[in-house]
Amino acid sequence: MDADVAMMAEACAAGHEVRRETAPNPWVGCVIETVDGARVTGATSPPPGAHAEVAAVEAARRQGLTLRGATVWVTLEPCSHDGRTGPCADLLIDAGVGRVVVALEDPDPLVAGDGLKRLRAAGIDVAVGVLAAQVAEDLAPYLKHRRTGRPWVTLKLAASLDGRTAAPDGTSQWITGAVARADAHRLRAEHDAVLVGAGTVRADDPALTVRHAVGADPLRVVLGTASPDARIHPCIELHGELDEVLSNLAARGVLSVLVEGGSTVAGAFHDAGLVDRYVVYLAPAVLGGSARALLAGIGTNTLADAWRGEFLDVAMVGEDVRVTLAPRTRD
């Protein structure tokens with residue numbers, strides 16, 4: 001079992017390394033060890049490229065390795081349907097592997113346990129659940145997309161120490177320092193889409209590109225209409241209820257969206273309970289008075305009704321503090 005954990009951790013690392021490249025496919029990692037102890041690793045390629053199992057099998061064949069009786073560790077259940085590539089479960093069966101260790105069953109209705117059934121029906125020893133919690137955290141956007149038809153939502157906020165996002169005269173650039181802003185660009189690169197309200201476009205004219213981090217620009221989304229000369233173009237403009245907006249993005253293959261809107265949009269997502277992660281950058285500054293609050297919206301009238309989350313991480317980012325929270329899942 002210890003060997004399974006170590007190998008699955010290696011597979012998880014391989015999948016995580018390609019996280020920014022594979023959407024709408026999941027970023028899966030795969031490790032294969034032959035009966036002679038030779039080892040190869042594969043990860044999902046950008047669409048329309050190969051799945052992780054295909055990449056690992058092809059790597060083994062390039063090295064002239066024999067896969068009969070080999071053990072496979074893969075972070076997500078091998079697929080069982082024809083898509084851009086053939087079924088990965090059939091590939092492993094045809095290769096003659098002897099054992100397959102899987103972290104998670106794939107919730108995609110096209111798979112949903114069928115890949116595991118095929119492997120077992122072929123006489124392959126199958127184990128499920130190794131490092132399941134770690135892989136579920138890494139693949140959370142994909143899993144939510146397949147289970148709910150909505151993307152994973154991260155709400156990014158920047159505020160003074162007293163929770164203010166803009167001075168009374170509307171000035172807000174820049175509350176945080178250059179290191180924190182670069183870290184926020186890293187967040188953009190890790191998401192498929194970035195979303196703001198039309199008010200933010202009018203007030204700040206943001207480009208919402210990845211300029212201070214490594215990665216591709218996300219799909220840019222405006223709630224409402226952006227003027228033709230706004231820097232956010234090319235973008236898509238969506239209207240309607242937030243549930244409808246998220247379903248629209250999911251249908252476009254968006255697995256994760258970073259909400260960077262002002263206090264109105266941020267408050268709307270928060271009040272609707274649509275946020276999966278909160279990332280708040282706090283600057284060592286105090287505005288006080290009538291400065292704009294972090295979240296607009298409904299709010300609460302009494303402390304007993306206050307929303308409470310769970311701190312996941314607190315870190316210094318330059319001269320600022322980054323706080324990562326999740327909605328509380330237990331009382």
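In the predicted model, strands S1 and S2 form a hairpin in which five residues lie between the two strands. Within the turn, Gly 37 adopts a positive phi of about 90 degrees. Strand S1 spans residues 29-33 and strand S2 spans residues 39-43. The two strands pair in the antiparallel sense, and five bridges join them. One point of this pairing is given by Ile 32, which stands opposite Val 40 in S2.

Strand S1 also pairs with strand S3, formed by residues 71-76. This second pairing is likewise antiparallel, and it extends over four bridges. Here Glu 33 faces a residue of S3, standing opposite Thr 71. S1 is mostly covered, as four of its five residues are buried. In general, the side chains of a regular strand alternate between the two faces of the sheet.

The helical part of the description concerns H3 and H4. Packing of two helices is described by the angle between their axes and the distance between the axes. Helix H3 comprises residues 88-95 and helix H4 residues 114-121. Their axes are 9 Å apart and meet at an angle of about 15 degrees. Angles under 35 degrees count as roughly parallel, and H3 and H4 are therefore roughly parallel to each other. The crossing of the two helices is right-handed. On the H3 side, the contact is made by Ala 89, Asp 90, Leu 92 and Ile 93; on the H4 side, Gly 115, Arg 118 and Leu 119 take part. Classified by residue type, this contact of H3 with H4 contains four nonpolar, one polar and two charged residues.

Definitions and conventions:
Residues are numbered from 1 along each chain as its sequence is written. This is a predicted model: local features need pLDDT of at least 70, side-chain atom pairs count only at pLDDT 80 or more; totals for chains, interfaces and linings use all residues. Side-chain values use heavy atoms; hydrogens and water are left out. Axes are lines fitted to C-alpha atoms, for helices over the stretch in contact, and angles run from 0 to 180 degrees between N-to-C directions. Angles under 35 degrees count as roughly parallel, over 145 as roughly antiparallel, 65 to 115 as roughly perpendicular and the rest as oblique. A crossing is left-handed if the near helix is turned anticlockwise from the far one by less than a right angle, and right-handed if clockwise. Contact means heavy atoms within 4.5 Å. Ala, Val, Leu, Ile, Met, Phe, Trp, Tyr, Cys and Pro count as nonpolar, Asp, Glu, Lys and Arg as charged, and the others, Gly among them, as polar. Buried means under 20% relative accessible area, exposed over 50%, partly exposed in between (1.4 Å probe, protein chains only). Two strands pair if DSSP finds at least two bridges between them.
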